[in-house]
Amino acid sequence: MAGMQPRSSEITDERTFMRRRGFIKAAGAIAAGAVASRALAADSAVATNTSAERRILVHEGEVLHSQATPPWLVPKLREAVPGNFSTNESATPYEYVSQYNNFYEFGTDKGDPVENARDFNSEPWTLEVTGEADRTGKFNLEDILKPHALEERIYRLRCVEAWSMVVPWIGFPLADLIRRFEPNSNAKFVRFETLFDPQQMPGQRSRFTAIDYPYVEGLRIDEAVNELAFVAIGLYGRSLPPQNGAPLRLVVPWKYGFKSIKSIARISFLRERPKTTWELSNSREYGFYANVNPEVDHPRWSQGSERRLPGSLFSRSRTETLMFNGYAPQVAHLYTGMNLKRNF
Amino acid sequence: MGWLKPLTLVLGCLPISYCIWQVSRLYSGDAGILGADPAKAIVEFNGQWTLYFLLLTLSITPLRTIFGIPALVGIRRMLGLFTFFYASVHLLCYALLLLELRFGEILADLEKRPYISIGFAAYLLLIPLAVTSSNAMVRLLRKRWKRLHRLIYVISLLALVHLAWLTRSDYTEVVIYTLIVALLLLFRTLNRSWFERKLLMPFRRENPS
Ligand code: HEM
């Protein structure tokens, strides 16, 4: 495959395998996670990792992009441990996670991003932090990631188009990242912005697009520091493929996929609620909250059920959609007293 | 041009044959052949070919005028029937593969999703055209047949709206297809004699005078 440079270690085994983690590391992560987490007793879909036997999922086969993992990231990825809140549903294979993407900056067909992002270069990466925080400025990604230990979270991903996947992300809690910028008491919202680089992102050059780039997403600050909100810098035990949002992206599993913004270049702490890209493009169809909710219909897709991918033509893949994508025990309290039909 | 019809028949069957081949490969274990979402891929593929055959059907009249090939009219009916065929497959695959025959959700879609309502309207209008496509029907309906088959213009517009409403962000394709349909329809309203005399004579194969 053109542009593909497998490391020698990848050639030995073409399959995805489970990487075993030492007892001490895993136990340490569980202890750290337990401090932050609420009781999970009622939710059968979420498996707590009390077993020292758990391993992280690692893809060892080929990749479809030219970007090598930056050397500074390699040891961090190697030390990633199983984290909390992982589902025990079977994960969507790497081949599908990395070749079926909504990333309109690289084209609107699901197969476009893997083609058009093949040579995307995200090294070095600068993250700009602005707004209501004490530590603002431009930061090098390597410096930002230094203090964060990485963990794996196997989350359900529910797209507003009524399909879903299960993805083993590698990353760390968004709350930990936010804390480092020391937002002040005026910071009520967090705004995220994708890289704007028409040279590298052909979708940003389209003449007839209804989207005003750069792509913008946002969260309420209490949503952003919720224990489930996650910054992913990898999946399947290795760095993020560009089509999945390299080098860092958001993962908010209780919201529709478009909230989980990719290739983040700027984070701003704001007093007022930011307008998000899809909201600006079509406010009748897309709201700020975009919580997964089977009872609130979308004008294009019924949200009562979803198709778990990869689909098979020869057996059913449709299942009922769960409130907050099955993460109600962790996030429902964020929305008590809110009319979720109006705040869709 | 006796070969025109058989050739059209063979070419028209190619897309669906390809689709069936892909499904059989998937069935025999080639998991990647239709991507992560085979159902959606098949629906989109057949939707695309419905549109292509619709555009081909519409282009017969302009083409035969421009190039002076009256025989082309002989394949117009077949192209129209292929349009209906691919639309049927498109609709069937939507109901069977995407919605997995959850009739409650299909009815809700037809009612609440404008792009599906309009696509369905287009499909309903194709039915009388397919039913009255035989020579016997042409004879039976005479003048009314021509009027009835002008529905194809309405269907084209509905198809464009279907496409526009299912588009989420990038309207490039919609713009291109709208221009093509506009051109094909405009041709029919232009002053043909001027068009033919000034522009098309040089291209003519059979000069009528
Ligand atoms: C004359 C009739 C029709 C034409 C010409 C047509 C054409 C198309 C085209 C060109 C596409 C886009 C394919 C792509 O994205 O590559 C499409 C998608 C689609 N059509 Fe149709 N269609 C017709 C009727 C219908 C009907 C009757 C239904 C269902 C009741 C339907 C449901 C859909 C769906 C669900 C999609 C996929 C939408 C998505 O991408 O989310 N269509 N159609």
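A salt bridge is here a side-chain nitrogen of Lys or Arg that lies within 4 Å of a carboxyl oxygen of Asp or Glu. The legends below describe close-up views of a predicted model.

**Figure 1. A salt bridge between two strands of chain A, formed by Glu193(A) and Arg266(A).** The side chains of Glu193(A) and Arg266(A) meet with an N to O distance of 3.5 Å, which is within the 4 Å limit for a salt bridge. Arg266(A), at 28% relative accessibility, counts as partly exposed.

**Figure 2. A salt bridge with two buried partners, Glu223(A) and Lys255(A).** In this pair the closest N and O atoms are 2.8 Å apart. Here too distant parts of the chain are linked: Glu223(A) sits in helix H8 (residues 221-224) of chain A, whereas Lys255(A) is found in the loop between strand S12 (249-251) and S13, 32 residues apart from its partner. Glu223(A) counts as buried because its relative accessibility is 0%, and Lys255(A), with a relative accessible area of 1%, is buried as well.

**Figure 3. A salt-bridge network in chain A.** Glu89(A), Arg156(A), Arg158(A), Glu306(A) and Arg308(A) are joined into one network by salt bridges that share partners. Over all chains, the structure holds 29 salt bridges.

**Figure 4. A salt bridge inside one helix, between Asp176(A) and Arg179(A).** Both residues lie in helix H7 (residues 174-180) of chain A, where a separation of three residues corresponds to about one turn of the helix. The closest N and O atoms of Asp176(A) and Arg179(A) are 3.2 Å apart.

**Figure 5. The largest cavity and its lining.** This cavity holds about 420 Å³ of space. Of the 27 residues that line the largest cavity, Asn102(A), Phe103(A), Gly257(A), Phe258(A) and Lys262(A) are the closest to its centre. Strand S7 (residues 163-173) of chain A gives the most to this lining, contributing four residues. When the lining of the largest cavity is divided by residue class, 17 residues are nonpolar, six are polar and four are charged. In total the model contains three cavities of 30 Å³ or more.

**Figure 6. The second largest cavity and its lining.** The volume of the second largest cavity is about 130 Å³. Its lining comprises 16 residues, and those that lie nearest the centre are Gln67(A), Pro70(A), Leu73(A), Ser122(A) and Pro247(A). By class, this lining consists of ten nonpolar, five polar and one charged residues.

**Figure 7. The second largest pocket, lined by helices of chain B.** This pocket has a volume of about 840 Å³. Among its 28 lining residues, Thr61(B), Arg76(B), Trp145(B), His149(B) and Ile152(B) are the closest to the centre. The elements that each give two or more residues to the lining are helices H2 (38-67), H3 (73-98), H5 (114-131), H6 (135-141), H7 (143-149), H8 (151-166) and H9 (172-189) of chain B. The largest share, eight residues, comes from H3(B). The lining of the second largest pocket divides into twelve nonpolar, nine polar and seven charged residues.

**Figure 8. A nonpolar surface patch on chain B.** Met1(B), Trp3(B), Leu7(B), Leu11(B) and Leu14(B) form this patch, and together these residues have about 520 Å² of accessible area. Leu14(B) is located in helix H1 (residues 4-27) of chain B, and Leu14(B) counts as partly exposed because its relative accessibility is 48%. As context for this view, the secondary structure of chain B comes to ten helices and zero strands, and the C-alpha atoms of chain B fill a box of roughly 60 × 40 × 35 Å along the principal axes. Of the 209 residues in chain B, 42% are buried.

Definitions and conventions:
Residues numbered from 1 in each chain as written. Chains lettered and ligands numbered in written order. Predicted model: local features only at pLDDT ≥ 70, side-chain atom pairs only at ≥ 80, totals over all residues. Heavy atoms only, no water. 1 Å grid on protein atoms, 1.4 Å probe; cavity = no way out; pocket = protein on both sides within 12 Å on 5 of 7 lines; lining within 4 Å. Points joined across faces, edges and corners; volume = space filled by probe spheres on them. Nonpolar A, V, L, I, M, F, W, Y, C, P; charged D, E, K, R; others polar. Patch = residues over 30% accessible without salt bridge, like charges linked within 9 Å, V, L, I, M, F, W, Y side chains within 5 Å. Areas by Shrake-Rupley, 256 points an atom, 1.4 Å probe, with all protein chains shown as cover. Buried < 20%, exposed > 50% of the residue type's maximum accessible area, 1.4 Å probe, protein only.
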